[in-house]
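Good morning, everyone, and thank you for making the time.

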Amino acid sequence: MTTLGFNLSVGHALTSEERVGVTNEPEEVRRLLEAIEAFEAIEDDTACAVAVSKALEAWPDHHSRLRELRQRRVQAMKDQGKTWKEIGATLGGISAARAQQIGAGLRGAKRPPKKDQEPPDE
């Protein structure tokens, strides 16, 4: 089978146990997870590595877009009268404080480097 221009293995279909996290998700999440499965199914190691590298190269931009989209939608939920606690519960049981941070566009704090490691050069 050919998907996304790559020859895919037809020998490994996911079992129902492997698909549990995929089938209970919204359609868009399921499609994203299926795209990752398509990478895993590429038989040729070189083709797989190249395809994954291309996807990862573009990922920072997509990650930023998803964060910004979430922020706008969380703020819209707040503007519609939902409480931060309700928004947090909707987003998977995160705290009201974290929901408020997402609405404000704040990212999680970066962990300080371990004591035995130097901080990265900037």
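This is a predicted model: local features need pLDDT of at least 70, side-chain atom pairs count only at pLDDT 80 or more; totals for chains, interfaces and linings use all residues.

**Overall layout**

Among contacts in the chain (heavy atoms within 4.5 Å) between residues at least 6 apart in sequence, 37% join residues that are at least 24 apart. Residues are numbered from 1 along each chain as its sequence is written, and side-chain values use heavy atoms, with hydrogens and water left out.

The chain has 5 helices and 2 strands, where helices (H or I, at least four residues) and strands (E, at least two) are DSSP runs numbered from the N terminus. Read from the N terminus on, the order of the elements is β-β-α-α-α-α-α. Of the 122 residues, 14% count as buried; by that I mean under 20% relative accessible area, with exposed meaning over 50% and partly exposed lying in between, using a 1.4 Å probe and protein chains only. The chain exposes about 9,900 Å², of which carbon and sulfur atoms supply 53%, the areas coming from the Shrake-Rupley method with a 1.4 Å probe and, for residues, only the protein chains shown counting as cover.

**The core**

Which residues make up the largest nonpolar core? There are 6 of them, namely V74, M77, W84, I87, A99 and I102, a core being a set of buried Ala, Val, Leu, Ile, Met, Phe, Trp, Tyr and Cys residues joined through side-chain atoms within 4.5 Å. The elements that give two or more residues to this core are helix 3 (45-79), helix 4 (84-90) and helix 5 (96-103). If we leave aside its neighbours within four places in sequence, I87 is in contact with V74, M77, K78, K82 and A99. As general background, nonpolar side chains tend to be buried together in soluble globular proteins.

**Helix 2**

Let me turn to helix 2, which covers residues 27-40. Its 14 residues should span 20 Å at 1.5 Å a residue, and the end C-alpha atoms are 20 Å apart, so the two agree; the expected span is 1.5 Å times one less than the number of residues. The buried residues of this helix are E37, A38 and F39, whereas E40 is exposed, with a relative accessible area of 62%. The C-alpha atoms of E40 and V52, 12 residues apart along the chain, are separated by 9.2 Å.

The count of salt bridges comes to 2, a salt bridge being a side-chain nitrogen of Lys or Arg within 4 Å of a carboxyl oxygen of Asp or Glu. R30 forms one with E27, the closest N and O atoms being 2.5 Å apart, and one with E34, where the corresponding separation is 2.4 Å. R30 and E27 lie 3 residues apart, and R30 and E34 lie 4 apart, about one helical turn. R30 is partly exposed at 21% relative accessibility, as are E27 at 38% and E34 at 26%.

**A surface patch**

Finally, L56, W59, L66 and L69 make a nonpolar surface patch of about 370 Å². Patches are made of residues with over 30% relative accessible area and no salt bridge, like charges being joined within 9 Å and nonpolar side chains (Val, Leu, Ile, Met, Phe, Trp, Tyr) within 5 Å. W59, which sits in helix 3, is partly exposed at 35% relative accessibility.
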